[in-house]
Amino acid sequence: METAVLISLIVAILSPLVYAVMNIYDKYVIAHKVKNPLNYAFMAGLVQLVFGIIGALFLDWSGITFQAILFPAVAGILLGLAVPFYYLVLETEDASQVIGLIYMYPLIVALLSFIFLNEVLSLISYFGVALILVGVLMISFRMNKISKRVILLMILIMIILSGLTEFIIKIATDNIPETNGIVINFIFLGLTTSSVLIWKVRFDFIQEISNLKWACAGESLTLLGMTTLYVAMKNLPATIVSSVAATQPLFVLILERIMHCSFGKMCKDHFFLPKLIPISLIVIGVIILYATGI
(Lines give C-alpha, C1' and ligand atoms only; values in the text may rest on other atoms or scores of the structure.)
Protein backbone atom coordinates (compact mmCIF):
# COMPACT_ATOMS: atom_id res chain seq x y z
CA MET A 1 0.00 0.00 0.00
CA GLU A 2 1.36 3.44 -0.95
CA THR A 3 2.36 5.76 1.89
CA ALA A 4 -0.14 8.45 0.86
CA VAL A 5 -2.99 5.94 0.81
CA LEU A 6 -1.92 4.53 4.17
CA ILE A 7 -1.92 8.02 5.69
CA SER A 8 -5.37 8.70 4.30
CA LEU A 9 -6.54 5.36 5.66
CA ILE A 10 -5.30 6.13 9.17
CA VAL A 11 -6.79 9.62 9.06
CA ALA A 12 -10.13 8.24 7.81
CA ILE A 13 -10.27 6.05 10.93
CA LEU A 14 -9.36 8.96 13.23
CA SER A 15 -11.73 11.44 11.57
CA PRO A 16 -14.99 10.21 13.16
CA LEU A 17 -13.35 10.28 16.59
CA VAL A 18 -12.31 13.90 16.09
CA TYR A 19 -15.81 14.85 14.95
CA ALA A 20 -17.33 12.93 17.88
CA VAL A 21 -15.25 14.94 20.34
CA MET A 22 -16.40 18.10 18.55
CA ASN A 23 -20.07 17.06 18.77
CA ILE A 24 -19.89 16.27 22.48
CA TYR A 25 -18.00 19.50 23.12
CA ASP A 26 -20.69 21.47 21.28
CA LYS A 27 -23.43 19.70 23.24
CA TYR A 28 -21.68 20.48 26.53
CA VAL A 29 -21.32 24.17 25.63
CA ILE A 30 -24.95 24.43 24.47
CA ALA A 31 -26.23 22.62 27.57
CA HIS A 32 -24.06 24.30 30.20
CA LYS A 33 -22.66 27.59 28.89
CA VAL A 34 -24.90 29.15 26.24
CA LYS A 35 -28.13 31.09 26.74
CA ASN A 36 -29.10 31.44 23.07
CA PRO A 37 -27.77 28.80 20.62
CA LEU A 38 -28.26 31.01 17.55
CA ASN A 39 -26.29 33.86 19.11
CA TYR A 40 -23.52 31.38 19.89
CA ALA A 41 -23.69 29.92 16.36
CA PHE A 42 -23.30 33.43 14.91
CA MET A 43 -20.22 33.97 17.08
CA ALA A 44 -18.86 30.56 15.98
CA GLY A 45 -19.33 31.65 12.36
CA LEU A 46 -17.24 34.77 12.96
CA VAL A 47 -14.51 32.63 14.54
CA GLN A 48 -14.58 30.28 11.52
CA LEU A 49 -14.18 33.28 9.20
CA VAL A 50 -11.22 34.66 11.16
CA PHE A 51 -9.54 31.25 11.33
CA GLY A 52 -9.96 30.80 7.57
CA ILE A 53 -8.58 34.25 6.71
CA ILE A 54 -5.56 33.81 8.99
CA GLY A 55 -4.83 30.41 7.42
CA ALA A 56 -5.14 31.83 3.91
CA LEU A 57 -2.46 34.45 4.63
CA PHE A 58 0.18 31.74 5.11
CA LEU A 59 -0.54 29.74 1.94
CA ASP A 60 0.71 29.93 -1.64
CA TRP A 61 -2.14 30.85 -4.01
CA SER A 62 -0.16 30.98 -7.23
CA GLY A 63 -1.69 28.80 -9.91
CA ILE A 64 -4.97 28.33 -7.99
CA THR A 65 -7.84 28.84 -10.47
CA PHE A 66 -11.37 30.11 -9.82
CA GLN A 67 -12.71 26.66 -10.68
CA ALA A 68 -10.47 25.09 -8.04
CA ILE A 69 -11.69 27.57 -5.42
CA LEU A 70 -15.32 27.04 -6.40
CA PHE A 71 -15.67 23.50 -5.05
CA PRO A 72 -14.46 24.08 -1.45
CA ALA A 73 -16.39 27.36 -1.45
CA VAL A 74 -19.63 25.57 -2.31
CA ALA A 75 -18.86 22.90 0.30
CA GLY A 76 -18.42 25.64 2.90
CA ILE A 77 -21.69 27.31 1.92
CA LEU A 78 -23.64 24.04 2.16
CA LEU A 79 -22.12 23.25 5.55
CA GLY A 80 -22.80 26.79 6.76
CA LEU A 81 -26.49 26.39 5.89
CA ALA A 82 -26.62 23.35 8.18
CA VAL A 83 -25.01 25.07 11.19
CA PRO A 84 -28.15 26.83 12.55
CA PHE A 85 -30.09 23.57 12.45
CA TYR A 86 -27.20 21.78 14.15
CA TYR A 87 -27.14 24.10 17.15
CA LEU A 88 -30.93 24.29 17.47
CA VAL A 89 -31.26 20.51 17.45
CA LEU A 90 -28.42 20.04 19.95
CA GLU A 91 -30.22 22.39 22.33
CA THR A 92 -33.10 19.94 22.86
CA GLU A 93 -31.93 16.50 21.72
CA ASP A 94 -29.28 13.96 22.70
CA ALA A 95 -26.11 14.26 20.63
CA SER A 96 -26.05 10.49 20.04
CA GLN A 97 -29.58 10.51 18.58
CA VAL A 98 -28.93 13.53 16.38
CA ILE A 99 -25.55 12.39 15.04
CA GLY A 100 -26.85 8.87 14.54
CA LEU A 101 -29.63 10.09 12.28
CA ILE A 102 -27.41 12.54 10.39
CA TYR A 103 -25.08 9.68 9.52
CA MET A 104 -27.56 8.36 7.01
CA TYR A 105 -25.86 10.77 4.61
CA PRO A 106 -23.28 8.18 3.36
CA LEU A 107 -26.14 6.86 1.22
CA ILE A 108 -26.20 10.18 -0.59
CA VAL A 109 -22.42 10.21 -0.97
CA ALA A 110 -22.40 6.62 -2.28
CA LEU A 111 -25.14 7.39 -4.83
CA LEU A 112 -23.51 10.60 -6.09
CA SER A 113 -20.08 8.94 -6.23
CA PHE A 114 -21.50 6.04 -8.23
CA ILE A 115 -23.24 8.36 -10.72
CA PHE A 116 -20.62 11.09 -11.16
CA LEU A 117 -17.28 9.58 -10.08
CA ASN A 118 -17.82 5.99 -11.25
CA GLU A 119 -16.97 4.66 -7.78
CA VAL A 120 -17.95 1.00 -7.67
CA LEU A 121 -17.20 -1.24 -4.70
CA SER A 122 -17.52 -5.00 -4.48
CA LEU A 123 -20.85 -6.55 -3.51
CA ILE A 124 -19.51 -7.59 -0.10
CA SER A 125 -18.27 -4.01 0.45
CA TYR A 126 -21.76 -2.66 -0.16
CA PHE A 127 -23.00 -5.26 2.33
CA GLY A 128 -20.60 -3.73 4.85
CA VAL A 129 -21.99 -0.26 4.06
CA ALA A 130 -25.51 -1.61 4.58
CA LEU A 131 -24.59 -3.05 8.00
CA ILE A 132 -23.15 0.29 9.06
CA LEU A 133 -26.27 2.17 8.02
CA VAL A 134 -28.59 -0.37 9.65
CA GLY A 135 -26.60 0.03 12.85
CA VAL A 136 -26.88 3.80 12.64
CA LEU A 137 -30.63 3.53 12.16
CA MET A 138 -31.03 1.16 15.09
CA ILE A 139 -29.08 3.52 17.34
CA SER A 140 -31.15 6.50 16.34
CA PHE A 141 -34.66 5.30 15.65
CA ARG A 142 -35.89 5.50 19.19
CA MET A 143 -38.28 7.95 17.63
CA ASN A 144 -40.22 8.61 20.82
CA LYS A 145 -37.08 10.32 22.10
CA ILE A 146 -37.26 13.03 19.41
CA SER A 147 -39.36 15.79 20.95
CA LYS A 148 -40.83 17.53 17.88
CA ARG A 149 -41.42 16.72 14.21
CA VAL A 150 -39.73 19.96 13.25
CA ILE A 151 -36.56 18.50 14.77
CA LEU A 152 -36.79 15.56 12.37
CA LEU A 153 -37.19 18.00 9.48
CA MET A 154 -34.06 19.86 10.58
CA ILE A 155 -32.16 16.58 10.80
CA LEU A 156 -33.36 15.60 7.31
CA ILE A 157 -32.03 18.91 5.96
CA MET A 158 -28.69 18.27 7.68
CA ILE A 159 -28.51 14.77 6.16
CA ILE A 160 -28.93 16.18 2.65
CA LEU A 161 -26.52 19.08 3.18
CA SER A 162 -23.90 16.81 4.80
CA GLY A 163 -24.05 14.33 1.92
CA LEU A 164 -23.68 17.05 -0.70
CA THR A 165 -20.84 18.67 1.27
CA GLU A 166 -18.71 15.52 1.51
CA PHE A 167 -19.26 14.66 -2.15
CA ILE A 168 -18.13 18.14 -3.22
CA ILE A 169 -15.13 17.96 -0.87
CA LYS A 170 -14.06 14.80 -2.69
CA ILE A 171 -14.19 16.70 -5.99
CA ALA A 172 -12.31 19.61 -4.39
CA THR A 173 -9.40 17.36 -3.39
CA ASP A 174 -8.87 16.55 -7.07
CA ASN A 175 -8.64 20.24 -8.01
CA ILE A 176 -6.88 22.07 -5.19
CA PRO A 177 -4.25 21.29 -2.52
CA GLU A 178 -5.84 20.14 0.71
CA THR A 179 -4.55 23.08 2.78
CA ASN A 180 -5.95 25.66 0.34
CA GLY A 181 -9.22 23.79 0.10
CA ILE A 182 -9.58 23.66 3.88
CA VAL A 183 -9.13 27.41 4.40
CA ILE A 184 -11.47 28.28 1.50
CA ASN A 185 -14.00 25.86 2.96
CA PHE A 186 -13.64 27.47 6.38
CA ILE A 187 -13.90 31.03 5.07
CA PHE A 188 -17.16 30.32 3.25
CA LEU A 189 -18.43 28.25 6.16
CA GLY A 190 -17.94 31.27 8.42
CA LEU A 191 -19.37 33.72 5.88
CA THR A 192 -22.50 31.62 5.39
CA THR A 193 -23.05 30.89 9.07
CA SER A 194 -22.69 34.53 10.15
CA SER A 195 -24.69 35.87 7.17
CA VAL A 196 -27.60 33.49 7.68
CA LEU A 197 -27.78 34.18 11.41
CA ILE A 198 -27.14 37.94 11.46
CA TRP A 199 -30.88 38.58 11.21
CA LYS A 200 -31.53 36.20 14.13
CA VAL A 201 -29.02 37.70 16.55
CA ARG A 202 -30.85 39.12 19.54
CA PHE A 203 -29.96 42.14 21.62
CA ASP A 204 -28.61 39.86 24.35
CA PHE A 205 -25.79 38.82 22.01
CA ILE A 206 -23.38 40.87 24.10
CA GLN A 207 -23.94 38.36 26.91
CA GLU A 208 -22.59 35.59 24.68
CA ILE A 209 -19.28 37.40 24.16
CA SER A 210 -18.10 35.80 27.36
CA ASN A 211 -18.39 32.46 25.53
CA LEU A 212 -15.89 33.51 22.85
CA LYS A 213 -13.24 31.24 24.36
CA TRP A 214 -15.62 28.28 24.04
CA ALA A 215 -16.31 29.17 20.40
CA CYS A 216 -12.58 29.40 19.61
CA ALA A 217 -11.92 25.99 21.16
CA GLY A 218 -14.94 24.45 19.42
CA GLU A 219 -14.02 25.80 16.00
CA SER A 220 -10.46 24.57 16.49
CA LEU A 221 -11.98 21.08 16.73
CA THR A 222 -14.07 21.81 13.64
CA LEU A 223 -10.94 22.84 11.75
CA LEU A 224 -9.15 19.68 12.86
CA GLY A 225 -12.11 17.56 11.79
CA MET A 226 -12.28 19.23 8.38
CA THR A 227 -8.54 18.67 7.94
CA THR A 228 -8.93 14.94 8.58
CA LEU A 229 -11.78 14.81 6.08
CA TYR A 230 -9.80 16.48 3.30
CA VAL A 231 -6.73 14.30 3.90
CA ALA A 232 -8.84 11.12 3.92
CA MET A 233 -10.75 12.11 0.78
CA LYS A 234 -7.54 12.84 -1.14
CA ASN A 235 -6.55 9.21 -1.72
CA LEU A 236 -9.62 7.14 -0.80
CA PRO A 237 -13.01 6.67 -2.48
CA ALA A 238 -15.64 9.05 -1.07
CA THR A 239 -17.98 6.10 -0.42
CA ILE A 240 -15.47 4.47 1.91
CA VAL A 241 -14.54 7.67 3.77
CA SER A 242 -18.18 8.59 4.39
CA SER A 243 -19.17 5.06 5.37
CA VAL A 244 -16.33 4.72 7.87
CA ALA A 245 -17.34 8.14 9.23
CA ALA A 246 -20.65 6.49 10.17
CA THR A 247 -18.81 4.99 13.15
CA GLN A 248 -18.98 8.46 14.67
CA PRO A 249 -22.27 7.74 16.53
CA LEU A 250 -20.44 4.97 18.41
CA PHE A 251 -17.83 7.43 19.71
CA VAL A 252 -20.50 10.04 20.41
CA LEU A 253 -22.52 7.52 22.39
CA ILE A 254 -19.54 6.54 24.56
CA LEU A 255 -18.35 10.11 25.10
CA GLU A 256 -21.89 11.28 25.81
CA ARG A 257 -22.25 8.65 28.51
CA ILE A 258 -18.93 9.63 30.09
CA MET A 259 -19.78 13.33 30.04
CA HIS A 260 -23.27 12.75 31.40
CA CYS A 261 -21.92 10.78 34.34
CA SER A 262 -19.29 13.46 34.96
CA PHE A 263 -21.25 16.66 34.38
CA GLY A 264 -24.93 15.69 34.01
CA LYS A 265 -27.47 17.36 31.68
CA MET A 266 -26.00 15.78 28.56
CA CYS A 267 -28.67 13.28 27.50
CA LYS A 268 -32.29 12.31 28.12
CA ASP A 269 -32.04 8.70 26.93
CA HIS A 270 -29.98 6.91 29.57
CA PHE A 271 -30.28 3.37 28.16
CA PHE A 272 -26.95 2.10 26.85
CA LEU A 273 -27.41 -1.67 26.54
CA PRO A 274 -30.13 -1.56 23.81
CA LYS A 275 -27.56 0.15 21.61
CA LEU A 276 -24.94 -2.60 21.87
CA ILE A 277 -26.39 -4.60 18.94
CA PRO A 278 -26.36 -1.67 16.48
CA ILE A 279 -22.87 -0.74 17.68
CA SER A 280 -21.74 -4.29 16.87
CA LEU A 281 -23.28 -4.03 13.40
CA ILE A 282 -21.39 -0.80 12.75
CA VAL A 283 -18.07 -2.30 13.83
CA ILE A 284 -18.62 -5.44 11.72
CA GLY A 285 -19.62 -3.30 8.75
CA VAL A 286 -16.44 -1.22 8.98
CA ILE A 287 -14.29 -4.35 9.24
CA ILE A 288 -15.93 -5.79 6.11
CA LEU A 289 -15.58 -2.49 4.28
CA TYR A 290 -11.89 -2.15 5.01
CA ALA A 291 -11.15 -5.81 4.34
CA THR A 292 -12.80 -5.80 0.92
CA GLY A 293 -13.16 -2.20 -0.24
CA ILE A 294 -9.61 -0.89 -0.30
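Residues are numbered from 1 along each chain as its sequence is written. In this predicted model, local features need pLDDT of at least 70 and side-chain atom pairs count only at pLDDT 80 or more, whereas totals for chains, interfaces and linings use all residues, and side-chain values use heavy atoms, with hydrogens and water left out.

**Overall architecture**

The chain has 13 helices and zero strands, where helices (H or I, at least four residues) and strands (E, at least two) are DSSP runs numbered from the N terminus. Of the 294 residues in the chain, 55% are buried; here buried means under 20% relative accessible area, exposed means over 50%, and partly exposed lies in between, with a 1.4 Å probe and protein chains only.

**Cavities**

The structure holds two cavities of 30 Å³ or more, and the largest cavity has a volume of about 490 Å³. Of the 25 residues that line the largest cavity, Y19, M22, N23, L79 and S162 are the closest to its centre. A cavity is here a set of points, on a 1 Å grid over the protein atoms alone, where a 1.4 Å probe fits but cannot get out, and lining residues have an atom within 4 Å of a point. Grid points are joined across faces, edges and corners, and a volume is the space filled by probe spheres set on the points.

At least two residues of the lining of the largest cavity come from each of α1 (3-32), α3 (66-92), α4 (95-102), α7 (149-173) and α10 (212-235). By residue class, the lining of the largest cavity divides into 16 nonpolar, six polar and three charged residues, with Ala, Val, Leu, Ile, Met, Phe, Trp, Tyr, Cys and Pro counted as nonpolar, Asp, Glu, Lys and Arg as charged, and the others, Gly among them, as polar.

The table lists residue pairs with their separation along the chain and their C-alpha to C-alpha distance.

| Pair | Separation in sequence | C-alpha distance |
|---|---|---|
| S194 and L38 | 156 residues | 9.9 Å |
| L101 and I159 | 58 residues | 7.8 Å |
| A217 and Y25 | 192 residues | 9.1 Å |
| A232 and L6 | 226 residues | 9.6 Å |

S194 belongs to helix α8 (residues 178-197) and is buried, with a relative accessible area of 8%. L101, which lies in helix α4, is likewise buried, with a relative accessible area of 6%. Helix α10 contains A217, which is partly exposed because its relative accessible area is 33%. Helix α10 also contains A232, and A232 counts as buried because its relative accessibility is 0%.

**Surface features**

On the surface, V50, I53, I54, L57 and F58 form a nonpolar patch with about 540 Å² of accessible area together. Such patches are made of residues with over 30% relative accessible area and no salt bridge, and nonpolar side chains (Val, Leu, Ile, Met, Phe, Trp, Tyr) are joined within 5 Å, a salt bridge being a side-chain nitrogen of Lys or Arg within 4 Å of a carboxyl oxygen of Asp or Glu.

N118 sits in the loop between α5 (106-116) and α6 (123-140). Although N118 is not a glycine, N118 has a positive phi of about 60 degrees, and N118 is exposed, with a relative accessible area of 63%.

Notes:
Patch = residues over 30% accessible without salt bridge, like charges linked within 9 Å, V, L, I, M, F, W, Y side chains within 5 Å. Areas by Shrake-Rupley, 256 points an atom, 1.4 Å probe, with all protein chains shown as cover. 1 Å grid on protein atoms, 1.4 Å probe; cavity = no way out; pocket = protein on both sides within 12 Å on 5 of 7 lines; lining within 4 Å.
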